[in-house]
Amino acid sequence: MEFVKELLVFLFKLLGAFASGAALGYVFQVPRRYLVSSGLSAAIGWAVYLLAGQAGWNLVWVNYAATVCVALTSQILARKMHVPATVFLIPGIIPLVPGGGMYLIVWSMLYDASATSAYFNETLQMAGAIALGIFTVDTVFRVAFRRKGRS
Amino acid sequence: MTDHGQNRPPEPYQLLYDAAMLAGTITLESGAEIFRVEDTMRRIMGLSGLPSVEVFATTTGIFATLADHSDPSVPSITQVRRITSRANNLSRICQVNEVSRELCAGKIPPEEAIRRLEEIRTLPPYPKRWVMAAILLSTMGFAVLFGGGPGEILGAGAACIAMQAAGILLTERLDNGFMDSLLKTVVIALATDFCCVLFPALNGQTIIISAIMPLVPGLPITNAIRDTLQGDYNAGLSRAAEAFVIALAIAVGSVAGMGLFRLLSGLL
């Protein structure tokens, strides 16, 4: 029973990720027929984020794994549908951007100055992990599909 | 577009050059990565078969040359295009990509490509009210994915509506990324604190983070990373600066909003 409840909560969160991914796609003017895919890319990234977090991974690795999955999904979808990968990459990455970390840095400045540097470090590391994730997948695809098409 | 009088270059080169310039301008104005802009233009200009194809794009302008230095009968074409307006529009990037692919595959002539590119440029974006609704939906989605309950979802929605109302009233005329994000975040912080005073059981952190997320500079960050990887350090740095400025505005805005609320509630 407990497991079913947890699963439902998990799926509900994925639905939230899907909705925000598709909605952000709309805000960025993604063509209508690709909105579902951009929502999907966000949901996949968040699924990995939640599962890796549940498995007790370090936050940096969690972000890295989630970004790699989003970037992979985007590149594969982009090649299948012949559109630039950005269309799926940007809506997929945004939920992972450490907006919470940025907020906590500021919050701690006002209410708990001793925690600021820890939050700052953590946020910077998460941003670095995201950058590294995009780097990794871009590089792999560039080597694999050298001079064949645009990523 | 350029008229060199008697030196006017043969039509096909000029047409390909114009198509490339137009494609580059549209993609750059729509927030594409620099390497995509340069790659698209180079491919289109490369169709001319001339040996000298040079493209240099930055976030604020394009320079391009099409020439054959070994053959003096072919006049060289060089133009500079300044990019002043920018609005993120992934749809235009997609469409230009499609036209460029068809042109490079020989499916359409340059004239047809230019006509379609001009058309892409005049295509209206999604209606404003639906974009605002989408921002609201994404905020509520963020509240869900950050583990908020029904209260937090509604609270984030309320903060988002307050932010968008402020956007219409204050920042629409501002035309300045920094002040725009700053004022919007102030409003979000005030609205969140207000919600939390009314309903103390709410998790204010989830609400404020969810409402801030649509303002987070996701596109500049992604493009900064990808441009840097391609060796476009110029574009990477300027995109990173853009992302940093917006992040700073959000940080300052939320401090100001929270501080302002503390001040106001102290007065009452």
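Me: What should I know about numbering and confidence before I start?
Reply: Residues are numbered from 1 along each chain as its sequence is written, and chains are lettered from A and ligands numbered from 1 in the order in which they are written. The model is predicted: local features need pLDDT of at least 70, side-chain atom pairs count only at pLDDT 80 or more, and totals for chains, interfaces and linings use all residues.

Me: What is the secondary structure of chain A?
Reply: Helices (H or I, at least four residues) and strands (E, at least two) are DSSP runs, numbered from the N terminus. Chain A has six helices and zero strands. Its pattern along the sequence is α-α-α-α-α-α. The C-alpha trace spans about 50 × 40 × 30 Å along its principal axes.

Me: How many of the residues of chain A count as buried?
Reply: Start with the cut-offs. A residue is buried if 20 or more other C-beta atoms lie within 10 Å of its own, exposed if 12 or fewer, and partly exposed in between; C-beta atoms are placed from the backbone. In chain A, 54% of the 151 residues count as buried.

Me: How do I read the contact between chain A and chain B?
Reply: Two residues are in contact if their C-beta atoms, placed from the backbone, lie within 7 Å. Here 39 residues of chain A are in contact with 41 residues of chain B. On the chain A side, the elements giving two or more residues are helix 1 (2-27), helix 4 (86-93), helix 5 (99-111) and helix 6 (116-144). Helix 1 of chain A gives the most, with eleven residues.

Me: Which classes of residue make up that side of chain A?
Reply: Ala, Val, Leu, Ile, Met, Phe, Trp, Tyr, Cys and Pro count as nonpolar, Asp, Glu, Lys and Arg as charged, and the others, Gly among them, as polar. The side of chain A that touches chain B has 30 nonpolar, six polar and three charged residues.

Me: How is chain B divided?
Reply: Domain bounds come from an automatic or database domain assignment. Chain B is divided into domain 1 (5-122) and domain 2 (128-267). Their C-alpha centres lie 36 Å apart. The contact between them takes seven residues from domain 1 and ten residues from domain 2. On the domain 1 side, these are two nonpolar, four polar and one charged.

Me: Where does the largest nonpolar core lie?
Reply: A nonpolar core is a set of buried Ala, Val, Leu, Ile, Met, Phe, Trp, Tyr and Cys residues joined through C-beta atoms within 7 Å. The largest has 134 residues, and B:Ala19, B:Ala20, B:Leu117 and B:Ile212 have the most contacts inside it. Domain 1 and domain 2 of chain B both give residues to this core, so it lies between them. Take B:Ala19: beyond its neighbours within four places in sequence, its contacts include B:Ile44, B:Leu103 and B:Leu117.

Me: Why is helix 8 of chain B described as largely enclosed?
Reply: Count its buried residues. Eight of the nine residues of helix 8 (residues 204-212) of chain B are buried, so the rest of the structure largely encloses it. Among the buried residues are B:Gly204, B:Thr206 and B:Ile212. Their cover includes helix 5 of chain A, plus helix 5 (128-145), helix 6 (150-169), helix 7 (177-198) and helix 10 (233-267) of chain B.

Me: How do I read the sheet in chain B?
Reply: Two strands pair if DSSP finds at least two bridges between them. This is an open sheet of three strands, in the order 1-2-3, with antiparallel pairing. The edge strands are strand 1 (52-58) and strand 3 (77-82) of chain B, each pairing on one side only. Seven bridges join strand 1 to strand 2 (residues 61-67) of chain B, and six bridges join strand 2 to strand 3 of chain B. A hairpin through two residues links strand 1 to strand 2 of chain B. For partners, B:Val55 pairs with B:Ala64 in strand 2, and B:Phe63 stands opposite B:Val80 in strand 3 of chain B.

Me: Which side chains of strand 2 are buried?
Reply: In a regular strand the side chains alternate between the two faces of the sheet. In strand 2 of chain B, B:Ile62, B:Ala64 and B:Leu66 point to one face and are buried.
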